[in-house]
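Here's a quick tour for anyone meeting this structure for the first time. Have a look at it, then read on.

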Protein chains: 2
Amino acid sequence: MNCEIIAVGSELLTPYRQDTNSLYVTERLYELGVRVTFKTIVGDRLENMVDAIQAALRRVDILILMGGLGPTEDDVTRQAVAAALRITLKRDPEIVAQIYTRFAARRLQMTQNNSRQGDRLEGATILDNPNGTAPGQWLDTVYGGHRKLIALLPGPPSELKPMMDQECMPLLRDALPPRFIAKRTLKAAMIGESAADARIAPIYTKFTDVETTILAHIGDIQLNLMCTKKQMDLAQRRVDELAEKIEEELDDLIYSSQGETLEQIVLYYLEMKGATLSVAESCTGGLMSERLTRISGSSRSFLGGAIVYSNELKTDFANVPPELIEEFGAVSAEVAKAMAEGIRERVGSTFGCGITGIAGPGGGTEEKPVGLVYLAVADGKHTDIVERRLMGDRERIRQWAAQQGLDMVRRRLM
Amino acid sequence: MNCEIIAVGSELLTPYRQDTNSLYVTERLYELGVRVTFKTIVGDRLENMVDAIQAALRRVDILILMGGLGPTEDDVTRQAVAAALRITLKRDPEIVAQIYTRFAARRLQMTQNNSRQGDRLEGATILDNPNGTAPGQWLDTVYGGHRKLIALLPGPPSELKPMMDQECMPLLRDALPPRFIAKRTLKAAMIGESAADARIAPIYTKFTDVETTILAHIGDIQLNLMCTKKQMDLAQRRVDELAEKIEEELDDLIYSSQGETLEQIVLYYLEMKGATLSVAESCTGGLMSERLTRISGSSRSFLGGAIVYSNELKTDFANVPPELIEEFGAVSAEVAKAMAEGIRERVGSTFGCGITGIAGPGGGTEEKPVGLVYLAVADGKHTDIVERRLMGDRERIRQWAAQQGLDMVRRRLM
């Protein structure tokens with residue numbers, strides 16, 4: 001069965017706001033083997049909504065409407081569905097009473113407007129909304145001679161997601177033929193999308209029953225594998241078989257086989273080995289540290305570091321000898337090495353990482369162009385050094401460099 | 001006239017990818033006084049595309065299609081428009097020759113597939129694409145007895161944006177009644193959306209001819225003002241009048257009146273005063289430094305800083321006396337003050353900023369709960385200190401704290 005998602009709200013038609021709820025709903029529908037074939041975004045005007053709903057019912061079997069269930073005059077999703085299907089909409093005293101109770105519990109006064117949320121579509125099942133006042137509705141009906149499943153969900157993500165999970169998914173599951181879906185997410189660092197695809201396409205194209213999606217971020221590839229079967233163990237086996245073959249091919253480029261982020265993996269390895277890390281960042285300006293400290297508990301393994309933008313700070317915080325900067329320049333393999341070794345010594349961590357480079361757009365020369373970055377990781381015995389010539393704008397160069405820094409630490413820990 | 005945007009591409013119907021082109025196109029259409037009333041996202045299937053195009057032509061006057069102009073079998077936007085309008089699609093030798101020339105210039109071999117991009121819709125104007133091989137097309141036609149303007153634009157943003165600006169906008173402008181639009185963007189820090197709206201709604205609701213949109217980010221509010229008139233000076237005057245009244249009301253909460261980011265404003269003030277800044281960050285883990293160093297040229301005023309996650313580093317890099325940490329705890333007004341003063345001294349900058357707090361989810365106590373953050377800004381004579389009790393998850397607390405740090409520096413510089 002195919003599905004259309006309609007996101008309701010005039011703000012979603014401005015340059016400033018975007019529907020993101022549909023990504024969540026689509027992901028949940030995948031688990032049922034349901035594909036989204038159309039998405040429509042429509043404003044709060046009744047006439048436009050009726051048009052969108054009728055267009056959808058002509059072309060799909062499942063229709064998910066998101067938004068427009070609130071108490072204001074602008075919230076007309078219930079009326080629009082009633083008009084499109086030519087069914088009645090009646091105030092349900094039981095729902096109104098529930099809304100009233102919810103308001104009372106929060107010691108709020110219920111306004112007249114709020115009782116509009118108690119309007120029930122003819123034949124609809126009410127979907128409970130513990131996180132807001134507007135209940136959802138579910139219709140299993142017939143339109144143009146065909147069976148149609150229609151869900152009306154609230155717009156706020158904090159209300160929509162639980163209602164999709166707890167109310168809508170069981171109803172959909174009951175209405176659809178049984179399916180089992182196995183999934184795996186692999187991640188690889190420091191390889192481009194086309195380079196990765198060239199290596200793994202010969203593998204995954206042979207697994208016609210597994211859907212493989214490649215998502216590329218800066219210096220990062222995410223491979224989503226998904227297989228739908230009538231039996232769970234069959235689906236799982238196929239996904240695992242393909243994952244194993246891809247892991248063989250991409251080898252140590254793969255850093256995660258369960259969807260973890262690179263910073264999570266680095267912190268996990270550090271903790272496992274009882275090791276600690278410090279970082280001296282120049283061109284990345286705190287980006288690598290910021291990524292590590294996003295993770296709760298990172299303070300157990302990440303001790304801190306320095307943002308050594310100026311030459312003086314490279315010396316003062318990371319023990320880089322001024323003569324070295326004088327001789328080789330601040331952007332050089334020698335200085336990156338000294339930064340990694342110096343910050344490690346200063347902080348007293350197991351590992352030290354140093355990053356220096358030219359993020360641009362200014363500051364490049366013929367010899368040392370924008371995008372030139374040196375990275376080093378030291379452990380007291382040996383220091384790895386990498387030179388990269390990165391392409392793109394300032395933001396992209398900074399992101400690549402931070403990713404490379406994290407990946408170097410990971411490789412050192414493996 | 002109203003408009004529908006159709007984004008074409010099966011990947012836009014997965015949980016992983018989202019149409020963002022339409023935000024850009026919507027913004028440009030605003031300048032012409034054209035409103036988007038529907039957005040549709042459809043996959044690469046011809047039959048579904050024809051359905052979407054016909055639905056759109058029944059309800060709007062202007063239709064912008066994005067994507068599906070490439071050389072592969074999946075790229076069927078041209079065929080879909082031809083089928084929907086019942087017009088012919090013919091290979092145009094002139095376009096094919098141009099594509100051929102473009103390939104030759106890059107010393108690439110043109111494949112048979114690529115000549116599909118030379119198919120021209122009956123009556124279409126060709127839109128030049130200097131950034132790719134697929135030209136766009138423009139139709140000024142009649143459907144269902146009404147005039148319809150239809151643009152076929154390529155999907156890659158690097159091709160779509162220039163074609164929208166240079167080819168499509170002039171054609172639309174010629175076809176539409178003349179309008180002038182004045183815009184202003186104001187930004188305010190450290191105020192919530194509802195608090196801001198409560199203060200300014202009584203003002204902007206009186207300007208019925210100016211459209212005011214409020215966008216909220218973490219600790220940040222953006223106010224977009226827009227006015228459309230037949231004369232430019234009239235539109236500009238109304239926007240400026242409203243902007244002035246809002247600036248009066250929100251006063252020093254407003255940090256930008258031309259859309260600059262907070263970090264740009266801080267760096268701008270620093271440079272104007274010939275001053276420099278250093279930062280000692282604990283709970284924000286490099287976030288404030290990272291935001292400052294995103295800006296090209298930031299090294300002129302931002303000297304660097306330290307990520308002092310551990311107590312030892314607070315002492316070693318920011319001169320915080322260990323006794324102070326012992327007595328008041330690492331998260332305290334006293335330690336924030338010492339961090340700001342210490343990092344300033346160590347780095348030798350005009351201003352020093354210190355941030356210490358509990359980002360959570362762990363580490364909170366009854367006395368010092370998750371979300372408690374102390375910030376300080378020192379200039380050698382006086383040190384400002386702020387205590388905040390922030391709500392939300394780890395990411396939100398970190399973002400608020402970094403925003404507050406930047407805003408404190410701004411206020412000190414004002």
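## Contacts and burial

Two residues are in contact if their C-beta atoms, placed from the backbone, lie within 7 Å. Among contacts in chain A between residues at least 6 apart in sequence, 66% link residues at least 24 apart.

A quick word on the source: this is a predicted model, where local features need pLDDT of at least 70, side-chain atom pairs count only at pLDDT 80 or more, and totals for chains, interfaces and linings use all residues. Residues are numbered from 1 along each chain as its sequence is written, while chains are lettered from A and ligands numbered from 1 in the order in which they are written.

As for burial, 47% of the 414 residues of chain A count as buried (20 or more other C-beta atoms within 10 Å of a residue's own, with C-beta atoms placed from the backbone).

Chain A has 13 helices and 17 strands (DSSP runs, numbered from the N terminus: H or I of at least four residues for helices, E of at least two for strands). Its radius of gyration, taken over C-alpha atoms, is 28 Å, well over the 22 Å that the globule rule gives for 414 residues, so chain A is more spread out than a compact globule. That rule is 2.2 Å times the number of residues to the power 0.38.

## Domains

Chain A splits into domain 1 (2-175), domain 2 (180-256) and domain 3 (262-413), with bounds from an automatic or database domain assignment.

Key
Buried ≥ 20, exposed ≤ 12 C-beta atoms within 10 Å, placed from the backbone.
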